[in-house]
Amino acid sequence: MYRIINSKASGKTRQLMEIAKENKAIFVCSNPRAMEAKAHAYGIVGIEFIDYFTFLDDKGKEPANYVVDEIEMLLHYMFGMNRNLTGYTLTNGD
């Protein structure tokens, strides 16, 4: 599992797009159209982009690889959180 942790405007999203392309992973984000345009501006093509709702509702599809842009936003979407997330842990299952 890849983890990209860095400050704003540090190239995290571009790096994640490159990982998605290399691993044939679906890119999960809040605004797929804007992210696809951003990827094309970087010269990165061939990635499928979906929104959080589609990712969470993806029950009947074949298993796939995913990358998630802004995991905190996904948590807010999933749980309707209206709180500031100060910290979290993450285990990759290895």
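Here is a walk through the helix packing, the salt bridge and the aromatic pairs of this predicted model.

Let's start with two helices. H1 covers residues 12–22 and H2 covers residues 32–42; their axes sit 11 Å apart and cross at an angle of about 85°. That makes H1 roughly perpendicular to H2, because angles of 65 to 115 degrees fall in that class. On the H1 side, the residues that meet H2 are Thr13, Arg14 and Met17, and their partners in H2 are Met35, Lys38, Ala39 and Tyr42. Sorted by class, this contact has 4 nonpolar, 1 polar and 2 charged residues.

Arg14 turns up again in the salt bridge. Side chains of opposite charge can pair when their charged atoms come close. The structure holds 1 such bridge, and here the side chain of Arg14 meets that of Glu18 at 3.5 Å, N to O. Both residues belong to helix H1 and are 4 residues apart, about one turn of the helix. Arg14 is partly exposed, at 36% relative accessible area, and Glu18 is partly exposed too, at 35%.

Now for the rings: the count comes to 2 aromatic pairs. Phe27 and Phe49 make a tilted one, 5.2 Å centre to centre with 50° between the planes. Phe27 is in strand S1 and Phe49 in strand S2, so this pair ties together parts 22 residues apart in sequence. Phe27 is buried, with a relative accessible area of 0%, and Phe49 counts as buried at 12%.

Phe55 and Tyr66 have ring centres 5.0 Å apart and planes at 70°, so their pair is edge-to-face. This one links helix H3, which holds Phe55, to strand S3, which holds Tyr66. Phe55 is partly exposed at 23%, as is Tyr66 at 28%.

Methods: Residues are numbered from 1 along each chain as its sequence is written. This is a predicted model: local features need pLDDT of at least 70, side-chain atom pairs count only at pLDDT 80 or more; totals for chains, interfaces and linings use all residues. Side-chain values use heavy atoms; hydrogens and water are left out. Axes are lines fitted to C-alpha atoms, for helices over the stretch in contact, and angles run from 0 to 180 degrees between N-to-C directions. Angles under 35 degrees count as roughly parallel, over 145 as roughly antiparallel, 65 to 115 as roughly perpendicular and the rest as oblique. Contact means heavy atoms within 4.5 Å. Ala, Val, Leu, Ile, Met, Phe, Trp, Tyr, Cys and Pro count as nonpolar, Asp, Glu, Lys and Arg as charged, and the others, Gly among them, as polar. A salt bridge is a side-chain nitrogen of Lys or Arg within 4 Å of a carboxyl oxygen of Asp or Glu. Buried means under 20% relative accessible area, exposed over 50%, partly exposed in between (1.4 Å probe, protein chains only). Rings of Phe, Tyr and Trp (its six-membered ring) pair if their centres lie within 6.5 Å; planes under 30 degrees apart count as stacked, over 60 as edge-to-face and the rest as tilted.
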